[in-house]
Structure formats: C-alpha cells, structure tokens
Amino acid sequence: MSHHILEVKDLVFSYPDTTPALNGVSFRITHGEAVGIVGANGAGKSTLLMHLTGCLFPGAGSVRIGDHVLTRQNLNQVRSRVGMIFQDPDDQLFMPTVFDDVAFGPLNQGVPAEEIETIVERALETVGALHLKTRPPYKLSGGEKRRVAIATVLAMSPDILIMDEPSTGLDPQARRQLIALLKTFEHTKIIATHDLDLVLDLCGRTIILHQGTVAADGNTHAIFADEKLLLDNHLEKPLSMQGVQNDVGATVTQKAAGCRAIRVD
Ligand SMILES: Nc1ncnc2c1ncn2[C@@H]1O[C@H](COP(=O)(O)OP(=O)(O)OP(=O)(O)O)[C@@H](O)[C@H]1O
Ligand SMILES: [Mg+2]
C-alpha cells in the first residue's frame, strides 16, 4: 500500500533563532513497520517527528507520505492519515472536557454527529480513561493527560501513528497496557523515546539520531547489542538486555525496571 510509505529525504532544519536541529536526515519507512527513534536530549527527535505531521516545514529536503510530498496545500489531507501524539500532552488537549478533546478530530474529519459518542467512548475505553470523560483536561494528572492524548489520536483511526515519548509519566501498569495496545495497532508506528525497553518490545527497526543526523538505522536487536554505538550516542542497553554475571557464573537477565544489579549469595 504505497499510501502508507513515509520517506524523508535530506531533511535540514534550523529554528528561527538559528539553532540547527536537523542536518540531512534520510530514511524510508514502509507500511506496517514499527520504528523506534532514539538519541540523546536535543538530538532532533521531536523536531523530526514534527516534520512528519507538517507542524514544521523543512529548510531543505522533503517529507513524502504515500504519493504526496508534504506541503502546506495538502496538509489537511495528509494529517487525516497521520496521527501524532506530542511529547507534552498539554500541546494536544485544549477543549473544555476530555470528551470534546477526543471528539475534536473525528468531527473535523466529517464523521456524522450520531457516530461521535461511540467513537469517543471506544477510544477512551481503549486507553482506560472512560471515567475521565466529563473532566476538564487541565485538571488531570500527567499520566491521565497522556492517556487522553493517545485517545484523541486513536479516535481518528490513523494509518500512521507517530508518538513522541508516549510512555513518559505512565505508571508501570499503564505503560504495560500502552505497549499491549500498541502491539494491536497493525499500521505503521514511529516512536521517539528514551524508553529503550519499549522500543525493544515494539519496534523491529531503530534509528539513532545524533546532533541532527542519522547515526544508525537497522535491526533493533543488532543496534542495542552494539555497546560502543550506544555509548557514543549517550544511550544505554535496555534493562532486559543487560545480562549480569552472578557469583555462581550464571547469567542473570535484569527484567525488573530500576534493578541495576542482582546479587546471588
Ligand atoms: N523552539 C525551539 N527554538 C529553538 N531551538 C529549539 C527549539 N526546540 C528545540 N530546539 C533545539 O533543537 C535541537 C533539537 O531539539 P529536539 O527537541 O528536536 O530534541 P529531542 O531529540 O526531541 O530531545 P529530547 O530527548 O530532550 O526530547 C536542540 O538543540 C534544541 O535545543
Ligand atoms: Mg523530544
């Protein structure tokens, strides 16, 4: 399905204050791929994702979604297919109630009013936030806001799901639920995150950004097994890949988040 292909070519972008953020980024993502975008703070992850949804336009280079090179003219057409979950949920939630926020996208897509309630409730239920339906978004906790932000995008049934730090602020159970939910989403997923365990769980492919360029692009397991590459890019092996040698010589795999060493006396 060519309309789900996403191609970034020689993308260059500097912010108006002249801070350089992307310095020639290229890659191609095909339908159904799940791709993790990782890298140090300031590497350019959020800036890149904002180009994929037309929140920013390149200084040079191009973004192609399916058959269209993204321009201001075809922005609405492209946005109806690409759903973006922003790094800060406050950038996504601006209506008086949670219901209105989740209904906003489908209403703009022209979904008939009588179908809206079902769509909103299904999206909120999927993220475990149906009980928040009548609340004002600005009075929610950080994790609750994030669940609702995810629902606003799911309600639009995008072909391509783009997420900036989707697990930040979620409690461990909500994080697990998010991972399970994302596993059921069969279309293309692009996830920028510092949560490398989440990438390992969800993304067969990983792109490392470093100072606005692609430092690596390939199989997630192979990239996360390359300690020098990770170190050079301010990254650490996911906890679930950190084998520890215990006193009896057996390798123990650290599964529990936050557990840096396992002692066996
Ligand atoms: N609004 C802005 N104005 C000027 N410079 C900016 C702006 N937003 C980001 N930058 C700069 O652009 C570069 C890339 O930032 P970006 O937010 O894309 O990084 P990131 O990889 O998403 O980082 P993080 O992991 O902290 O979210 C950084 O040098 C940053 O300081
Ligand atoms: Mg960011």
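This is a predicted model: local features need pLDDT of at least 70, side-chain atom pairs count only at pLDDT 80 or more; totals for chains, interfaces and linings use all residues.

The axes of helix H3 (residues 98–108) and H5 come within 7 Å of each other and cross at roughly 30°, where axes are lines fitted to C-alpha atoms, for helices over the stretch in contact, and angles run from 0 to 180 degrees between N-to-C directions. H3 and H5 are therefore roughly parallel, a label given to angles under 35 degrees. The helices themselves are DSSP runs (H or I, at least four residues), numbered from the N terminus.

Residues are numbered from 1 along each chain as its sequence is written, chains are lettered from A and ligands numbered from 1 in the order in which they are written, and side-chain values use heavy atoms, with hydrogens and water left out.

Helix H5 (residues 142–154) also packs with helix H6 (residues 172–184), at an angle of about 15° and with the axes 12 Å apart. That angle makes H5 roughly parallel to H6, and the crossing of H5 and H6 is left-handed.

Around ligand 1 there are 14 residues, of which Gly42, Lys45, Ser46, Thr47 and His194 come nearest, a residue being near if one of its heavy atoms lies within 4 Å. Helix H1 (residues 45–52) contributes three residues, the largest share of this shell. Polar contacts are pairs of N or O atoms within 3.5 Å: a polar side-chain atom of Lys45 lies 2.7 Å from an oxygen atom of ligand 1, and a backbone N or O atom of Gly42 lies 2.8 Å from an oxygen atom of ligand 1.

How values were computed: A polar contact is a pair of N or O atoms within 3.5 Å; within protein, one must be able to donate a hydrogen and the other to accept it, and residues adjacent in sequence count only if both atoms are side-chain atoms. Helices (H or I, at least four residues) and strands (E, at least two) are DSSP runs, numbered from the N terminus. Angles under 35 degrees count as roughly parallel, over 145 as roughly antiparallel, 65 to 115 as roughly perpendicular and the rest as oblique. A crossing is left-handed if the near helix is turned anticlockwise from the far one by less than a right angle, and right-handed if clockwise.
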